[in-house]
Every structure is written in C-alpha cells, then in structure tokens.
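Hello,

Here is the structure I promised to pass on to you. Have a look at it first, and then read on for what turned up in it.

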Amino acid sequence: MHKIIINRKSFNGEWLFANLTRYIGIGLILLVFGILLSLLILSFPSLKQFGLHFLYNTAWDPVRQQFGALVEVIGTVVTSLIAVLLAVPLSFGIAILIIEVLPSTCATILARVVEVMAGIPSIIYGMWGLFSLAPFLAKHVQPWLLTHAQHIPVLNFIFGGMSIGFGIFTAGIILAMMIIPLISSVMRDVLSSVPPLLKEAAYGTGATRWEVIKHILLPYTRAGILGGIILGLGRALGETMAVTFVVGNSHKLFTALFMPGTTISATIANEFTEATGKLYPASLMELGLILFVITFIVLAISRSLLHRAKTSGGVQ
C-alpha cells in the first residue's frame, strides 16, 4: 500500500488562508451592519420625532427644529439621473471606440485618458465646476436654452430657472464626468467578453459594424451593460464635494433644472459641523441613513445584474 504523504506546511498554509479570507468576509459583513446600526442609533431622536413624515416633508429649519428630507432626496435622485443620462451615451461610445473602432495604439491612449479621469479627486472636479463650468454655462448655455425653450411645452418647464450657472443641471454635468470612467470601464469589460467568433460570423455574412453592435454586442451584453449603468448611478448618488461646490445648496424645492437645490451628501457636508442640540445632528444622520439604504439597494441590483451576465455568459 502506498502511503499518502501530506505536506503539513502546505496544509497549514491553505487552512490559514481559507480561514483568514472567511473571517475577513464575515468582518466586512459585520462592518456594514455596524454602520447601519450606528446610523439607526444616532438618528433615533429624529426617527422618534418625525417618523415617516420626515421622508415627505420639505421643511428644513434648524431654528424652529423642523426637518424633512424630501428636497434632499429629490435633489440627489435628479442630479444622479441627469448624470446617468449624460454619461451613458458617452461611456458606450468610448467603450465601442476602444474595443471595435480605434487601432490598438489609439485605443490604449484613450483608455489611459479615461483612467486618468477616474483618478482625479472629486474636489478638483468641484473647483473646476465652480470657476470654469458654472460661469461658462451662465454666459453661453443657459441663456440660449432659456430663450429657445420658453415657448416649447415640457422643455420650458425642464429648462427653467435663472441663468446663474449653479444648480441641479450643473451638478448633474459634474457627476456625469465623474462616472464616465466607471461606466465605460464596465462596458469595456462586458463587450470584451463577446466571443470573437460571433462577430466574425456576422461580418462574414455581410453585416455592417453598426449591425454587429446592434444585433450581436448589445443583446449579448445587455445585463452587464445595465449593471454597469446602475453601478455608475450608485457612485453618483453618494458624491459629496464636487456637488457641494456647484449645486447651489438651497433647501427650497426646485421646479426646474437651472434652479439651485441640494443633495443629501451636500447637506451633511455643509451643516454637520454646525449642528447643535440633539434633533439637528440626528436629522442629518437620518439623511445619511436614507442615503445608505438607497445606495445599498442600487448597488445590490447592479451586482446582481453583473453576476447574472457573468454566469449566463452574457446571453440574455
């Protein structure tokens, strides 16, 4: 009989690595639940005082101790949706250029430029928006849109407000620039997963590049692309400093995109250091709790779609 020789050193190393990774995973789960529990405890005075009324109340008056999250939630959602609407076409175009159109050298240069955009700190985006983008929009873009959209139904409602440069629309543009690298990188990954044989077969039957993109790439990678878009949305929801510089920081409910507003993260960043008493900081913590829940749901949906795309090979 042959004896089975076990390398005890290797065995101990594998056992240590397996248990270490397991405990790290458990620790991360406990950390998330710890953050959630901390937010619940710190926001308890606000939860007890306002209840569900906090979610649909527009008041934000620290002097009278009246607080509501509706303006902040709407501002967060609207700026993030503007960012996604602007970023998705550009991100998809960048991904297609890198994967399908440009020569390898040019594609590599473009990919590096996008990666550099991802590495720029958010406060730099905010300062650029404050000193360059907002004045440009106030002088050249917003007056033109206000003039030409005022007689068009729906558009005169959307593109309304004042030509001051700051507001919901400007914040959406800044967020779009910040999430383009993330969405385009995910799109590049999922588009690269398409088997070359499928594309070659389509080209062999006389299909044009647009037909290959429409009938091969998009159907094959639909779930992964959607997951990347939602991942970018989750990134935009929690952005703080860049938005704080340009959103206008107004607690009044805006009715048009050129009006100033605020977001959950901008409100917390602006007011947390001056919050006194129990109810004021608790209300800010409840805003953080709402943002935590929204972001968690969005990222969970994104990860689920990306996992679905990987396990099914991309075919939907």
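Two residues are in contact when heavy atoms of theirs lie within 4.5 Å. Please keep in mind that this is a predicted model.

Leucine 39 is 246 residues away from methionine 285 in sequence, yet their C-alpha atoms are 6.2 Å apart in space. Methionine 285 has a relative accessibility of 16%, so it counts as buried, the cut-off being under 20%.

Next, the helix packing. Two packed helices are described by the angle between their axes and the distance between the axes. Helix 5 (residues 104-119) packs against helix 8 (residues 168-192) at about 135°, and their axes are 8 Å apart. That angle makes helix 5 oblique to helix 8. The crossing of helix 5 past helix 8 is left-handed. On the helix 5 side you will find Ala111, Val114, Glu115, Met117 and Ala118, which meet Met177, Pro181, Ser184 and Arg188 of helix 8. Sorted by class, this contact of helix 5 with helix 8 holds six nonpolar residues, one polar and two charged.

Helix 8 has another partner to look at, helix 10 (residues 209-237): their axes come within 8 Å and cross at roughly 150°. Helix 8 and helix 10 are therefore roughly antiparallel to each other, since angles over 145 degrees count that way. Helix 8 passes helix 10 in a right-handed crossing. From helix 8, the residues in the contact include Leu175, Ile179, Leu182 and Val186, while those from helix 10 include Leu217, Thr221, Gly224 and Arg235. By class, the contact of helix 8 with helix 10 has 14 nonpolar, four polar and one charged residue.

Now the aromatic rings. How many aromatic pairs are there? The count comes to nine. One of them joins phenylalanine 50 and phenylalanine 54, a tilted pair with 6.0 Å from centre to centre and 35° between the planes. Both phenylalanine 50 and phenylalanine 54 are buried. Along with Trp60, Phe67 and Tyr280, these two form one aromatic cluster.

Phenylalanine 292 and phenylalanine 296 are four residues apart in helix 13, which means about one helical turn separates them. Phenylalanine 292 is partly exposed, at 23% relative accessible area, whereas phenylalanine 296 is exposed, at 51%.

Finally, two spots in the loops. Glutamine 65, in the loop between strand 1 (60-61) and strand 2 (66-67), has a positive phi, near 60°, although it is not a glycine. Its relative accessibility of 29% means that glutamine 65 counts as partly exposed. Asparagine 249 sits in the loop between helix 11 (241-246) and helix 12 (264-271). Phi of asparagine 249 is positive too, near 55°, again in a residue other than glycine. At 33% relative accessibility, asparagine 249 counts as partly exposed.

Happy exploring, and do write back with any questions.

Best wishes

Methods:
Residues numbered from 1 in each chain as written. Predicted model: local features only at pLDDT ≥ 70, side-chain atom pairs only at ≥ 80, totals over all residues. Heavy atoms only, no water. Axes fitted to C-alpha atoms, helices over the stretch in contact; angles between N-to-C directions. Parallel < 35°, antiparallel > 145°, perpendicular 65-115°, else oblique. Left-handed = near helix turned anticlockwise from the far one by under 90°. Nonpolar A, V, L, I, M, F, W, Y, C, P; charged D, E, K, R; others polar. Buried < 20%, exposed > 50% of the residue type's maximum accessible area, 1.4 Å probe, protein only. Phe/Tyr/Trp six-rings, centres within 6.5 Å; stacked < 30°, edge-to-face > 60°.
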